[in-house]
Number of protein chains: 2
Amino acid sequence: MYRSHTCGELRSEHIDQTVKLAGWVQRTRNLGGMTFIDLRDRYGVTQLAFSMEQNADLCEKARKMGREFVIQIEGKVIERSSKNDNIPTGAVEISVSSLNVLSKSEVPPFTIEDDTDGGEELRMKYRYLDLRRNPLKNNMMLRHKLAIETRKYLDDQGFLEIETPYLIKSTPEGARDFVVPSRMHEGQFYALPQSPQTFKQLLMVSGYDKYFQIVRCFRDEDLRADRQPEFTQIDCEMTFVDREDVLNTFEGLTKSLFQNTIDVKLPDFKRMTYDDAMRLYGSDKPDLRFGMEFIELNELTQNKGFKVFDSAELVVGICAKGCANYSRKDLDKLTDFVKRPQIGAKGMVWVKYNEDGSVKSAVDKFYSEDDLKKMLEKADAQPGDLLLILSGETNHTRKAMNELRLEMGNRLGLRDPKKFVPLWVVDFPLLEWDEETERYHAMHHPFTSPIEEDMEMITSAPEKVRANAYDMVINGVEIGGGSIRIHDNELQQKMFDALGFTKEEAQKQFGFLLDAFKYGAPPHGGIAFGFDRLAALAGGRDNIREFIAFPKNNAGRDLMIDSPSIVSTDQLEELHLKIEEKKEE
Amino acid sequence: MYRSHTCGELRSEHIDQTVKLAGWVQRTRNLGGMTFIDLRDRYGVTQLAFSMEQNADLCEKARKMGREFVIQIEGKVIERSSKNDNIPTGAVEISVSSLNVLSKSEVPPFTIEDDTDGGEELRMKYRYLDLRRNPLKNNMMLRHKLAIETRKYLDDQGFLEIETPYLIKSTPEGARDFVVPSRMHEGQFYALPQSPQTFKQLLMVSGYDKYFQIVRCFRDEDLRADRQPEFTQIDCEMTFVDREDVLNTFEGLTKSLFQNTIDVKLPDFKRMTYDDAMRLYGSDKPDLRFGMEFIELNELTQNKGFKVFDSAELVVGICAKGCANYSRKDLDKLTDFVKRPQIGAKGMVWVKYNEDGSVKSAVDKFYSEDDLKKMLEKADAQPGDLLLILSGETNHTRKAMNELRLEMGNRLGLRDPKKFVPLWVVDFPLLEWDEETERYHAMHHPFTSPIEEDMEMITSAPEKVRANAYDMVINGVEIGGGSIRIHDNELQQKMFDALGFTKEEAQKQFGFLLDAFKYGAPPHGGIAFGFDRLAALAGGRDNIREFIAFPKNNAGRDLMIDSPSIVSTDQLEELHLKIEEKKEE
C-alpha cells in the first residue's frame with residue numbers, strides 16, 4: 001500500500017494517527033533545526049516536518065528532496081504550531097519517521113506554481129508539467145463535473161447517449177473535412193465528422209426519441225484563438241417537439257449545470273430575435289451583462305450639412321455613462337480603436353454631456369446645442385455621459401459599433417466574468433447570400449426548417465424566410481445553437497433547390513438521409529453546445545485551450561508530441577498515396 | 001404539443017382521460033366494424049381503436065394508414081375488452097377522436113419486427129430502419145445504461161474523465177495507424193489513436209491520480225467478425241497503486257455494472273496464471289462456465305507402440321461427460337472439426353467408457369483395457385463418459401484442444417449466455433519472440449512493468465520475465481486488460497533495449513513520455529475495457545455490430561452512407577496528395 005490517506009485529507013481529528021502519504025515535493029524549507037516539505041497530490045497539500053534533533057539522518061535526507069520529487073512517507077499526524085488557515089489541512093503536519101524516494105525529478109523548465117514563469121509555448125511543450133498547476137487542474141475538474149452533470153440531467157430526462165461513427169463520408173460541401181485514407185480500399189477515404197448532424201437525425205427517424213452525445217468534432221479550418229481542429233460538442237436531438245420544447249429543455253439543462261458545478265443560479269433566459277439583436281447590439285451574440293443599446297440617430301443627424309452623416313445608411317450611437325470626462329487623448333485612442341483594420345470604421349463622432357449641463361462635440365460646427373441635446377435625449381444621456389457615434393453602411397457600422405460597445409463595457413468594468421446573463425436569439429434568416437459563390441448558403445445548415453408562416457416565400461423570396469433556429473448566448477459567447485429540422489422530403493428538396501444543389505448533387509451527398517425520410521420521419525429538432533467554450537465560460541476564462549487537457553496551438557500543432565509529422569514512405573505506399581511536390585509559383 | 005403521453009405510459013388509472021399520442025404505425029387490423037392500430041414509439045406500443053359505427057370517416061382514414069406511417073392522434077383512454085397481458089399498456093386502448101398524418105412511409109424493404117425477414121446486408125444499408133426493431137433498440141439502451149453506470153461508479157470512486165486528443169502522432173511502430181493528412185502542414189500527417197495509452201500515463205505524471213475515459217480508438221487492421229476499425233474503450237489509469245488495487249477497483253466496477261444493468265450478481269473473480277490457463281484450457285481466455293479441464297496423458301500413453309503419441313511433445317485429453325454413446329458418425333464429425341485448417345489437428349483419438357464399464361477406443365490395438373482405464377481414471381471419467389485426445393507440438397495442440405473443448409461445451413449446452421463466470425488471468429509473459437522479425441515483441445505494450453522478482457532476468461533471460469499484467473476474462477471473452485506500468489526511465493530504456501529499439505528510435509517515438517519520466521513520475525497502472533464487447537456480453541450476444549448504432553461491415557465499409565469513398569481532386573490537391581496508380585504485378 002502506497003498511502004493510507006491523500007494529501008488533502010488530514011484534519012485535527014486525525015492527530016496521533018500513523019499515516020502513509022505519497023505525492024510530489026512542492027517545496028522544502030529549513031527553519032532552525034527543522035525542515036518542512038509541502039507534499040502535493042491532486043487532493044491538496046500536507047506539511048511534512050523533520051527535526052535535526054530527533055532524527056538527523058532523516059532530516060538531512062529530507063533536505064535533499066528537490067522540487068517535484070515523488071516521495072512516500074510514514075509518520076504521525078501532529079498539531080501544527082503555526083496553523084495555516086488557507087489550506088484545509090493547515091491545522092496539522094506529519095512528524096515523519098520514514099521517507100522513501102519513488103522517483104527523482106530534474107529541475108522543471110518552469111515553476112509549478114499558480115503563477116508560473118513559463119511562456120505559453122514552453123508550457124505547451126511540457127503540457128504534462130503545466131497540467132500540475134492548480135489553475136489547469138481546477139479547469140480539468142470543472143470540465144469533468146460539467147460532463148458528469150450534463151449526462152445526469154439528460155439521462156434523468158430520458159435522453160439516450162448513442163455513439164455515432166468517427167469514420168464517416170467526405171461530402172463535396174465538406175471542404176473543411178479532415179479525410180482518412182483507407183488501406184483496404186485503394187484510393188478511397190473516410191472523413192472525420194464536423195458534427196454528427198445527419199446521424200442524430202437518422203436516430204430520430206429510427207425512433208430513439210431523445211438522443212444526446214458528448215462527442216468530438218473535427219474541422220480543418222484556419223485557426224483562430226478560440227478554435228481547435230478538434231473540439232467537443234454536447235450534441236442533442238428530440239422527436240415530436242416544437243421550438244418551445246427544445247428551448248425549455250436546454251434552458252433547464254444549462255441552469256442545472258451552472259447551479260451544480262459553479263453554484264450560480266442563472267436568471268430566466270431572455271429571448272431576442274436576430275433582427276433585434278443586430279439592431280440593438282450589432283451582433284447575433286450580444287453581451288447582455290450591460291445595456292448600452294444602440295441608438296439610431298439618422299433622423300436627428302441628417303440634412304444639417306455634415307456630409308459624413310448625410311451620406312450614411314446608418315448613424316448610430318451608444319451612451320457611455322459617466323465618460324464625459326474623457327480627455328482628448330482618451331477619445332483619440334477610441335477613434336484609433338474603431339479605425340483598426342479588423343473593425344474598419346472611418347472615424348468616430350463624440351458628444352459630451354458635461355456635468356454642468358453644457359454639451360461639447362467634435363462636430364459642433366454642423367450641429368447646434370439644441371441638435372446635440374436632442375441626440376443626447378434620444379440616447380437617454382444624463383449630465384456626465386458621453387455619446388459615441390459611428391456611421392456608414394448598416395451592417396458594417398453595426399459590426400464596428402458592436403466592437404466599440406464591448407470595448408466600452410470592458411473599460412467601464414461591466415463585463416464581470418462572475419456574472420452570467422443568458423439569452424436565446426431566435427428567428428435567424430434561413431439563408432444568406434454568398435457574394436463569392438453567387439448563391440445562397442444555409443445560415444445554420446441545410447436541414448434547418450423554415451418558420452411555418454414564412455414557408456411559402458422559400459421559392460419566391462428566399463432571403464426573407466426566417467429559420468426555426470435558435471442560439472444560446474451567455475455573456476456574448478455563443479454556447480449552443482440548433483433548430484427544428486425539416487422532416488419532409490419535399491420541403492428538403494425545395495431547400496436544396498434554394499441552395500442551388502442539383503438533384504444529383506443532393507442525392508449523392510445526402511441520399512441516405514433523403515432515403516430515410518421516405519420511411520416515416522417524425523418532426524424533430526435539437527441543439528449542439530460547444531463544450532470547450534461552455535467550460536471556459538463557467539470557469540470565467542476566454543481561452544478554451546486552458547480547458548482542454550492536450551490542446552493544439554494556433555497553427556494546429558501539438559507541441560508536446562510534435563504532431564502533425566511526416567510518415568514513412570512504406571506507410572504511404574500501403575495507402576497508395578504520394579506527396580506532391582510543391583508547385584513553383 | 002405533439003403528445004401528452006408516450007406510447008408506453010398509459011395504464012388503467014388513465015381511463016377516461018383525453019390524451020394525445022404520436023408514433024409509428026406498427027400494424028393495422030380490421031375486426032368486424034372496428035379498426036385497430038398498434039402505435040409504437042421508443043417507450044412501447046398502445047392500441048388505438050376506431051369504430052365504423054361511431055365515426056365512419058375517421059375509421060376509413062385509419063384503414064389507410066400503412067406500416068411505419070407517423071401519426072398523431074387524440075382520443076379517450078378506455079378499458080380494453082380483451083386485455084393483452086404481454087405489454088404494459090395492454091389493459092387499455094384509445095378511442096380515437098382525431099387522427100393527423102405527420103409523415104407517410106413507403107413499404108419498408110424488410111419487416112420492422114423482432115424477427116425480421118431482412119438479410120444482414122440489407123439491414124446494414126437501411127440501418128435507420130433496422131434500429132427501429134426492439135432487439136437493436138434494447139441493445140442501444142443497454143449500452144447507454146452501461147456507460148451511465150460506468151461513469152457513475154468511477155466518479156464516485158474519485159476518477160476524473162479527461163478527454164485526450166484524437167489527432168495525434170503516427171509512430172514508426174504504428175503500422176496499423178489511420179493517418180490524417182494536414183492541410184496546413186504540407187506533407188505532414190496526424191494519426192488517429194489506437195488507444196490513449198501514452199496520454200493517460202502522462203496524466204498520471206501530471207498528478208491526476210485517477211483517470212478514466214470512455215473513448216473511441218482506431219485500428220486499420222484486417223477485420224474479423226468481432227473487430228471494427230473504430231471501437232470504444234473504457235480506459236482507466238491510477239496512481240500509487242499495485243496490482244491488487246487495480247484488480248479490486250475494476251472487479252468492483254464490473255460487479256456493479258452487471259448488477260445495475262442486467263441485474264446479475266457476479267461471483268468473486270477467480271485468479272489464474274497465464275501458465276495455468278494455457279496448461280488447463282489451452283487459452284489465455286478460458287471459458288469457465290464449464291470444467292472439462294485438459295488432462296496431460298504423456299506418461300500413460302507413450303512407449304506403447306503408438307508412434308503418433310510416442311513422437312508427440314504433448315498428449316492431452318478432455319473428458320466429455322455422458323458422451324460415450326456418440327456414434328461412429330458423431331466421432332468422425334468431431335475429427336473433421338479438429339482437422340479444419342484453422343484448427344489444424346492431424347487427428348483425434350477417442351476412448352469410450354461405456355455404461356456397462358467396458359472401454360472401447362480407436363487405438364485399442366496399441367493399448368490394453370488396463371492402459372485405457374488408467375487414462376480414463378486420470379481424466380476422472382465415469383461410465384458413460386468419452387475421452388477425447390489430441391497430440392503434437394505443445395502450443396499447437398493446446399490451441400486445437402481449446403477449440404475442441406469449446407465445441408464440446410456448445411454441444412453439451414454448457415455455455416449458457418445468461419450465466420457469467422469472471423476471471424483474472426495474471427502473470428503473462430512480458431515478451432514474446434516474433435519469428436518473422438526475429439525480435440521480441442511486448443505481449444501487452446512496451447510500458448508494461450515486469451514483475452519485480454523477475455526484473456534481473458530482463459537482459460539475461462528476457463523470455464522468462466513475467467509481466468505485471470492482467471486480463472479480465474468473462475465466459476471466454478477478454479473484456480479488459482492492463483498492467484502496472486514502468487515509471488522509471490532506466491527500466492523503460494532496458495525494456496526498449498530488449499525490444500530491439502535503438503536509443504534514437506525510442507527517443508523519436510516516445511521521447512515526450514521518456515522526457516516526462518524525468519520530472520517525477522509516480523508508480524501507476526491501469527486497464528482498458530472493450531466497451532463494445534462488454535455490451536455484447538451483457539446483452540448475451542456474440543456479435544458486437546448489434547451493439548453499435550452505425551457499425552461497419554467486415555470489409556470496413558459503412559453500407560448506409562457508402563463510405564469510404566473517393567474524394568474530389570480539388571480536395572486532394574489542397575492536401576498535396578496524389579493517388580498512386582496500382583502497380584501491375
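Student: Which residues does UniProt list for "binding site" in the unreviewed entry?

Tutor: A record of this kind is an annotation, which may be inferred rather than shown by experiment. Here the structure itself is a predicted model. One set in the unreviewed UniProt entry, under "binding site", comprises Glu173(A), Arg219(A), His444(A) and Arg485(A).

Student: Where is His444(A) found, and with which residues is His444(A) in contact?

Tutor: One places the residue in its secondary structure, then lists its contacts beyond the sequence neighbours. His444(A) belongs to the loop between S19 and H13 of chain A. Apart from neighbours within four places in sequence, its contacts are Phe428(A), Ala469(A), Tyr470(A), Asp471(A) and Gly482(A). His444(A) has a relative accessibility of 27% and therefore counts as partly exposed.

Student: Thr448(A) has its place in the loop between strand S19 and helix H13 of chain A. Is Thr448(A) buried or exposed?

Tutor: The class follows from a cut-off: a residue is buried under 20% relative accessible area and exposed over 50%. Thr448(A) has 1% relative accessibility, so it counts as buried. Leaving aside neighbours within four places in sequence, Thr448(A) is in contact with Leu430(A), Ala467(A), Asn468(A), Ala469(A), Ser483(A), Ile484(A), Ile486(A) and Met495(A). As for separation, Thr448(A) and Arg227(A) are 221 residues apart in sequence, and their C-alpha atoms are 24 Å apart in space.

Student: Where does Asp371(A) lie, and is Asp371(A) buried or exposed?

Tutor: Asp371(A) is within helix H11 of chain A, which covers residues 369–378. Its 12% relative accessibility means that Asp371(A) counts as buried. Not counting residues up to four places away in sequence, Asp371(A) touches Lys304(A) and Phe366(A).

Student: How many helices and strands are there in chain A, and what does the domain assignment give?

Tutor: An overview of the chain places the single residues in context. Chain A contains 17 helices and 23 strands, and 59% of its 585 residues count as buried. The C-alpha trace spans about 90 × 75 × 60 Å along its principal axes. Among contacts between residues at least 6 apart in sequence, 65% join residues at least 24 apart. The assignment gives domain 1 (12–103), domain 2 (137–272 + 422–548) and domain 3 (290–411). The centres of domain 2 and domain 3 of chain A, taken over C-alpha atoms, are separated by 38 Å.

Student: What rotation and shift superpose chain B on chain A?

Tutor: Two copies of a chain are related by a rotation about an axis and a shift along it. For chain B on chain A the rotation is 180° and the shift along the axis 0.0 Å, with an RMSD of 0.0 Å. The two copies are thus related as by a two-fold rotation axis.

Student: What area is buried between chain B and chain A, and why do the copies meet through the same surface?

Tutor: The buried area is about 11200 Å², of which carbon and sulfur atoms give 57%. Glu163(B), Phe240(B) and Tyr519(B) supply 8% of the area that chain B buries against chain A, more than any other three residues. In the contact, 127 residues of chain B meet 127 residues of chain A. The copies meet through the same surface because 100% of the interface residues of chain B are also interface residues in chain A.

Conventions: Residues numbered from 1 in each chain as written. Chains lettered and ligands numbered in written order. Predicted model: local features only at pLDDT ≥ 70, side-chain atom pairs only at ≥ 80, totals over all residues. Heavy atoms only, no water. Least-squares fit on C-alpha atoms with pLDDT ≥ 70 in both. Contact = heavy atoms within 4.5 Å. Helix = DSSP H or I, 4+ residues; strand = E, 2+ residues; numbered from the N terminus. Buried < 20%, exposed > 50% of the residue type's maximum accessible area, 1.4 Å probe, protein only. Domains from an automatic or database assignment. Buried area = accessible area lost by both parts, 1.4 Å probe.
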